[in-house]
Amino acid sequence: MALAVLLPFVACAAQWFFWDILQPYVGFLFIPAIFLSAWVGGLIGGLAATAIGTTLAWYIFIPPTFAFTLDNPASIVSVVIFVLTGCLFSFFFDQLKRSKHQVNKALSMAEFANGKISQLYQKLKEAQRLASVGNWTWDIQSGTHIWSEEVYRIYGRDPALPPAIYPEIQKYFTPESWITFSAAVERGLAQGISYECDAEIIRPPGYPRCWIAARGEAIRDNSGKIVNLQGTVQDITERKLAEEEITRLNVDLEQRVAERTAELTAANRELDTFAYAVAHDLRAPLRAMSGFSQALREDYGGQLESEALVFLDQISFASRKMSDLVDGLLILSRSTRGGLQYDVVDISTLSERLLVELAQSDPERQVTVEVEAELQARGDVRMVEVIMRNLLTNAWKYTNHVAKPSIRMYAEERENVRFFCVADNGAGFDMAHANRLFKPFQRLHRQDEFPGIGIGLATVQRIVNRHAGIIEARGEPGKGAIFCFTLSDMPADSAQDKKGI
């Protein structure tokens, strides 16, 4: 701005110095000065220079000099033209400056946008490389094909070559894959149907075997005519290989399962045979021991000393216990064999019936029982009854020494899974020994406290497992126990059941 204001004074001094040569051209040096002032100072600078230059030229160089009077009409015209010219210069350079600024701003934005586009393009190329995905476009009207770099890499084609046109691309496909792929492309060309298909491609020597997922869609113009096809090509070789390996492993697994199933079938049959043989072979000597002991007591009891009678009682007791163990083995064996027949089981009604039976067998006891109504599940009715009979019998037995015994049958929901629970306020157990509860012949209480052989809960667990369920126990000494189990609609050994295991 300072320069724009100073230039008219410089022009005035120079014109004064050369006035003898320049007169009568009053604006000879003032016009260039205003031009330059408008250029460097813009609108304000140009208008200021115009005002200063007009004042100096009028006062010093237009007759009468050193006065602001105009005697000659031509002088008035000169002043008006001078002012208009200065204003025009000022407005012109201001607009020029603004336009230049906008152009520079637009160029900067374009450069920034080009930089961003270049970055995005590089990121796109990197993303396509990492994802093994390339994109392509086919202008049907001009026959022009455009491939991204990744498409070249997937097909193993030299990037210096133009894209392979359709159907030249057939050479990259196996005959079987080309039939599927070309049919999909033809439908896209004729009907505009998008396609997606897997295909095996043939690449130049040195390139490994490759599978692709080819996708394409049609682009129509305003009239609905198909003018372009565009799509992607993705290298899915690894996925096809993670699939072939899975297929191979599945075949191998199925073979192993079949072999293992056959082994288990044979083992179960042998176990059944062994269990029945043992039971049959043991029962005869057990009956003999018990019978001879009873005969000795009846026939020679009066001749035996009291200690000998105690020994006979111990033999009888041991015989009965051994007989109970044999029965337990048979029950445990039956719980793991035979097919399951799935039906709807009314657990509430079943529990009420079993509790009535327990009350009738022990009429002297007064036990408070509570059974939740409408408890139902799907399972083998015969097996579910074994579960409930064992759990309720245990609850009845272990509340024998409680002043006010109570048994409750109910259900609870946990994460959309229904648990059927039997709770009592009896002897309970120490959770530190809970892992022994479901093992055959393992007991947490003395025989003189609560008689039993330790086979009931083991049987329950095996039946629950066959129903693809779980069973858990919670307890505290002297504060009772809770046993909860689940039953699945699909048995864990359904496949074996179908085969008669």
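1. **Ground rules.** The model is predicted: local features need pLDDT of at least 70, side-chain atom pairs count only at pLDDT 80 or more, and totals for chains, interfaces and linings use all residues. Residues are numbered from 1 along each chain as its sequence is written, and side-chain values use heavy atoms, with hydrogens and water left out.

2. **Helix α3.** Start with residues 30-61, which form helix α3. Helices (H or I, at least four residues) and strands (E, at least two) are DSSP runs, numbered from the N terminus. The end C-alpha atoms of α3 are only 11 Å apart. A straight helix of 32 residues would span 46 Å at 1.5 Å a residue; this expected span is 1.5 Å times one less than the number of residues. A kink of about 145 degrees is centred on Gly42. The bend at a residue is the angle between axes fitted to the seven residues ending there and the seven starting there.

3. **The largest cavity.** How many cavities of 30 Å³ or more does a search of the whole structure find? There are two. The largest holds about 200 Å³ of space. Its lining draws two or more residues from each of β1 (133-139), β2 (144-147), α5 (149-155), α6 (175-191), β4 (210-220) and β5 (226-235). A cavity is a set of points on a 1 Å grid over the protein atoms alone, where a 1.4 Å probe fits but cannot get out; lining residues have an atom within 4 Å of a point. Grid points are joined across faces, edges and corners, and a volume is the space filled by probe spheres set on the points.

4. **Its lining.** The largest cavity has 19 lining residues. Trp136, Trp147, Ile169, Phe181 and Tyr195 lie nearest its centre. The lining divides into 15 nonpolar residues, three polar and one charged. Here Ala, Val, Leu, Ile, Met, Phe, Trp, Tyr, Cys and Pro count as nonpolar, Asp, Glu, Lys and Arg as charged, and the others, Gly among them, as polar.

5. **Ser148.** This residue sits in the loop between β2 and α5. Ser148 is buried, at 12% relative accessible area. Buried means under 20%, exposed over 50%, and partly exposed in between (1.4 Å probe, protein chains only). Beyond its neighbours within four places in sequence, Ser148 contacts Gln128, Gly134 and Asn135. Contact means heavy atoms within 4.5 Å.

6. **Helix α7.** Residues 237-241 make up α7. Thr237 counts as buried because its relative accessibility is 14%. Not counting residues up to four places away in sequence, Thr237 touches Arg209, Cys210 and Trp211. Leu241, also in α7, is partly exposed at 43%. Its C-alpha atom is 9.7 Å from that of Cys210, 31 residues away along the chain.

7. **Helix α12.** Is this helix enclosed or open? Eight of the eleven residues of α12 (residues 456-466) are buried, so the rest of the structure largely encloses it. Among them are Leu457, Val460 and Ile463.

8. **Backbone points to check.** Most residues other than glycine have a negative phi, and most peptide bonds are trans. Ala468 is partly exposed, at 37%. Asn416 has a positive phi near 65 degrees. Asn416 lies in the loop between β9 (406-414) and β10 (417-424) and is exposed at 82%. A cis peptide bond joins Tyr166 and Pro167, with omega about 10 degrees. Pro167 is in the loop between α5 and α6.

Notes: 1 Å grid on protein atoms, 1.4 Å probe; cavity = no way out; pocket = protein on both sides within 12 Å on 5 of 7 lines; lining within 4 Å.
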